[in-house]
Amino acid sequence: MKLVASCIPQSSPEHFKEPAMSNMPADNSTTELQQLDADTATATSRSERAKWLLTSPDPPPPWHQLFSSIKQTLLPQPKTKQPRPNRPFLFLQSFFPILKWGRNYKAAKFKNDLLAGLTLASLCIPQSIGYANLAKMDPQYGLYTSVVPPLIYAVMGSSRDIAIGPVAVVSLLLSAMISKVVDPAADPVTYRRTVFTVTFFTGAFQALFGVFRLGFLVDFLSHAAIVGFMGGAAIVIGLQQLKGLLGLNHFTSKTDVVSVFGAVIKALHHQWYPLNSVLGCSFLIFILITRFIGQRNRKLFWLPAMAPLFSVILSTLIVYLSKGDEHGIKIVKHFKGGLNPTSVHQLNFGGPHVGEAAKIGLICALIALTEAIAVGRSFASIKGYHLDGNKEMVAMGFMNIIGSLTSCYTATGSFSRTAVNYSAGCETVVSNIVMSITVLICLLFFTKLLYYTPLAILASIILSALPGLIDLHAAYNIWKVDKLDFMVCLGAFFGVLFGSVEIGLLVAVIISFGKIMVSSIKPSTEVLGRLPGTDLFCNVLQYSVANKISGILITRINSGTLCFANASFIRERILRSVTDENNTEESSKGRLQVLVLDMTNVTNIDTSGIHAMEELYKQLIAQGIELAVVNPRWQVITKMKAAKFVEKIGAGWIFLSIGDAVDAALRLKINGLNNC
């Protein structure tokens, strides 16, 4: 005892024992107070964050968003505040970008644009004549289409590289679809008037898409659908050239493979002229060789660009000097030159075919825009500038509307000519102006020289441009990434090949919509767990290390909308997850107390979605389970408040984050255990 006493500091026993009796309770009460303060602060901050969500203002109505988008297109806001006198000029700049970049245009740029424009014209002239033949129009209309639309686009378009004019796919669309309405051989005048009317509708639809920011309609034709459609269309276009390449007098107006091969076999049993094939194949080989050389040596980019025009000139001389037309070689013959004549009086808005013309115009508008915007954005990304899709639609629309009034058919951006324009070193769309003026000079002075141009050469020029439309590498990548997308690609390809252009597009759109409908009507839900050592909540199937929290089920809805199409399905999926979790919890001697529903992905909800949420809440309450809603988006929380759903579940069960909801659920669980 003395030894122990000596180890203790000098103090009385009473003095020694008093701190033990008085300080310990003080320490415990201090810890409890600190914990209570921390819990109170956490609850307060959580409540404050939830209040931000619940007191957010109402979102703008749909018509306000529509007017804002139109205003943004027509009256774009400047990045810096401009003085009032410049406002009208800014309005003009939004419609005519040339007013903006034209002020800084220099002579050094014009030198490059002049060279690019002349190179472009050398390729454009023979291609335009060939594409007019593909569209079943007289040759001059192809050249007309390479004069006015490029000029309009030059003042209204925002791409610096795109080359405007007739293209193979749109020419095929026009001939394939309008020929079913009007026979071009029996009534060429009505056929031509219908083509101009379709072009007007095409431009009108394109302009409306741009003004009302409806560019998403172009996306209904997915990348896979376009790859398949272009590949099928390239083969169909190639088969159509057999008439000119073989010198056939009679040929089918259908585009499917079976009909074309049947017509060729039938025609070969009658009179045909092999000299056409010899001439066409010889120059086709020449054009392909020059293209190969140009690809191997970039400095010789002008060689494949000049080859088609050189082929036209040389073949025309050969036919003229040898009088080949007297030996069965088919020639152009009729070729009217001069300025574009007006075609206002040829537009037909009151005839029996106006409905069909509008339908064909809509299809052409979508296809032409898809090709042009894809081409424009590809080269814009290479040069590092932004291309406004909506302004491009407006520019394309106005150029086709004005084109329909000046004897032009539907024009758009050409990938092959744009590639030549880029390789030639173009700086701005002035290269399109140079090309347009060069084609106009050709129309004024040189059309008579093209009288003896053989049709086989035009066929070989079109055939030489087709390999660029078949993208096997893209098709293979689609197969590797998404098998269902590859089905869309195959549907478009075989639909065009064995049916028609419309059937190919229809099959592709139906499969694409089916894919969207399946993912929208039956979206997935996923159970989330906390990643160890973090506040992140992830799919427990994707991350095996994610831990579920006992008594709490965290579920996320993977759908952008909760609507009439998927609300019942989502509700049933969630209830099934609750049942499965309850069975698991009971087997581990626990009970599910809270369902945390993460609505971060849900951007909109309709009355059916609200009703499904109410039904879900009732069924959960009947089972003794609370519902916590996490991060409902602006439109969603606004409609929930309007439907008084927030009042039903209680404002205290709306949270900004999953972490807040889990903390509140754990407090509920702990309080329940304490009460027990």
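My entries follow, from the whole chain down to single pairs.

**Ground rules.** I'm working with a predicted model, where local features need pLDDT of at least 70, side-chain atom pairs count only at pLDDT 80 or more, and totals for chains, interfaces and linings use all residues. Residues are numbered from 1 along each chain as its sequence is written, and side-chain values use heavy atoms, with hydrogens and water left out.

**Whole chain.** I get 28 helices and 10 strands; these are DSSP runs numbered from the N terminus, helices being H or I with at least four residues and strands E with at least two. Of the 676 residues, 48% count as buried (under 20% relative accessible area; exposed is over 50%, partly exposed in between, 1.4 Å probe, protein chains only).

**Helix α18.** I looked up which residues of α18 (415–423) are buried, and found R417, T418, V420 and N421. They sit on the same side of α18, because they cover an arc of only 160° around the axis (taken from the directions from the helix axis to the C-beta atoms). Their cover includes α6 (107–134), α16 (354–383) and α19. Just after α18, I noted G425 with a positive phi of about 90°.

**Sheet.** Next I traced an open, mixed sheet of 6 strands, in the order β4-β3-β5-β7-β9-β10 (two strands pair if DSSP finds at least two bridges between them). β4 (537–539) and β10 (654–655) are the edges; each has a single partner strand, so one side of each lacks a neighbour in the sheet. β3 (524–530) runs antiparallel to β4 over 3 bridges, and L528 has N539 in β4 as its bridge partner.

**Salt bridges.** My search of the whole structure gave 11 (a side-chain nitrogen of Lys or Arg within 4 Å of a carboxyl oxygen of Asp or Glu). E356 and K359 meet at 3.4 Å, N to O; both lie in α16, 3 residues apart, about one turn of the helix. E356 is partly exposed at 35%, and K359 likewise counts as partly exposed, at 42%.

I also checked K648 and E614, whose closest N and O atoms are 2.9 Å apart. K648 lies in α27 (645–649) and E614 in α25 (607–622), so the pair ties together parts 34 residues apart in sequence. Which end is buried? E614 is, at 16% relative accessible area, while K648 is partly exposed at 44%.

Methods:
Contact means heavy atoms within 4.5 Å.
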